Amino acid sequence: MMNHALPLGYRIVRGSVHDRDRLLLWLDRAYRELRTTGYRPTAVAQLVDRYLSADTPLFWLESIDPAGRAECLGGLWLAWASDAQAVGGQGQILWLYVTPDQRRRGLGRSLIQRAEAEVLRQGRSRLGLSVFADNAGAIAFYQRLGYGTDALSLSKSIEPGAIEPGAIDSGPR
């Protein structure tokens, strides 16, 4: 990927494990914007508690006004996974978000490049991500950056009472 300079007036800063509450607020904002069905804030908090560590890089995107004051506009959270196709495993983007009014300025591209640089710095050779199938804008964005589909995840919501009594084998009789 060609190096894409961060536009003037913006910066990307490294976050830390102490940013848990801030990350939860931004994750909530992203999920609500997507109007994700089945969004459960408690499940997202459990995910953050399980994976947020000094080993899972977190980056914040900020704008800087002429007086030097910073305003957060989104960020990126990265984790590590094993992958048979990647030397040393794979980086996995857990979250990428840029506020709607700041999109199409190269900021998301800059965040992705920061993640790619971190993947290489960690001695890894692959970066993956997941995106909701109905998020056409995000899919097009990632495809423009060279990302493609190498797996398809299918899921089904199973409601209590949906399984007929006796359908589950209770073991040897």
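Analyst: Helices and strands here are DSSP runs, numbered from the N terminus; a helix needs at least four residues and a strand at least two. The model is predicted.

Start with Ser53. This residue sits in the loop that links helix 2 (41-51) to strand 2 (58-64). Is Ser53 buried, exposed or partly exposed? Its relative accessible area is 27%. Buried means under 20%, and exposed means over 50%. Ser53 is therefore partly exposed.

What does the side chain of Ser53 reach? One of its polar atoms lies 3.0 Å from the backbone nitrogen of Asp55. Ser16 is 37 residues away along the chain, yet the two C-alpha atoms are separated by 7.5 Å.

Move along to Thr56. Thr56 lies in the loop between helix 2 and strand 2. Its relative accessibility is 9%, so Thr56 counts as buried. A polar atom of the Thr56 side chain lies 2.9 Å from the backbone oxygen of Tyr51. Setting aside neighbours within four places in sequence, Thr56 is in contact with Tyr51, Trp77, Leu78 and Ala79.

That brings in strand 3, which spans 70-81 and gives two or more residues to the core described next. The largest nonpolar core has 21 residues. Leu76, Leu96 and Ile112 have the most contacts inside this core. Strands 1 (10-14), 2, 3 and 4, together with helix 3 and helix 4 (136-144), each give two or more residues to it. Helix 3 supplies the largest share, five residues. In soluble globular proteins, nonpolar side chains tend to be buried together.

Another core, of 16 residues, lies apart from the largest one. Its members include Leu23, Leu24, Leu27 and Tyr97.

Gln102 lies between strand 4 (90-98) and helix 3 (107-121). Gln102 has a relative accessibility of 10%, so it counts as buried. Which side chain joins Gln102 in a polar contact? Tyr10 does, at 2.6 Å. Not counting residues up to four places away in sequence, Gln102 touches Tyr10, Leu73 and Leu107. Gly74 is 28 residues from Gln102 along the chain, and their C-alpha atoms are separated by 9.4 Å.

The rings come next. How many aromatic pairs does the structure hold? It holds five. One of them is Tyr142 with Tyr147, whose ring centres are 6.3 Å apart. Their planes meet at 75 degrees, so the pair is edge-to-face. Tyr142 is buried, at 10% relative accessibility. Tyr147 is buried too, at 15%. Phe141, Tyr142 and Tyr147 form one aromatic cluster. Elsewhere, the charged end of Arg22 sits over the ring of Trp60, 4.1 Å from its centre.

Step back to the whole chain. It has four helices and five strands. Along the sequence, the pattern runs β-α-α-β-β-β-α-β-α. The chain has 173 residues, and 36% of them count as buried. Take the contacts between residues at least 6 apart in sequence: 65% of these join residues at least 24 apart. The chain exposes about 11,600 Å², and carbon and sulfur atoms supply 52% of that area.

Ser53 is partly exposed, while Thr56 is buried. The side chain of Ser53 lies by the backbone nitrogen of Asp55, at 3.0 Å. The side chain of Thr56 has the backbone oxygen of Tyr51 at 2.9 Å.

Conventions
Residues numbered from 1 in each chain as written. Predicted model: local features only at pLDDT ≥ 70, side-chain atom pairs only at ≥ 80, totals over all residues. Heavy atoms only, no water. Buried < 20%, exposed > 50% of the residue type's maximum accessible area, 1.4 Å probe, protein only. Polar contact = N/O pair within 3.5 Å; in protein donor to acceptor, adjacent residues only side chain to side chain. Contact = heavy atoms within 4.5 Å. Phe/Tyr/Trp six-rings, centres within 6.5 Å; stacked < 30°, edge-to-face > 60°. Lys NZ or Arg CZ within 6 Å of the ring centre and 35° of its normal. Core = buried A, V, L, I, M, F, W, Y, C linked by side-chain atoms within 4.5 Å. Areas by Shrake-Rupley, 256 points an atom, 1.4 Å probe, with all protein chains shown as cover.
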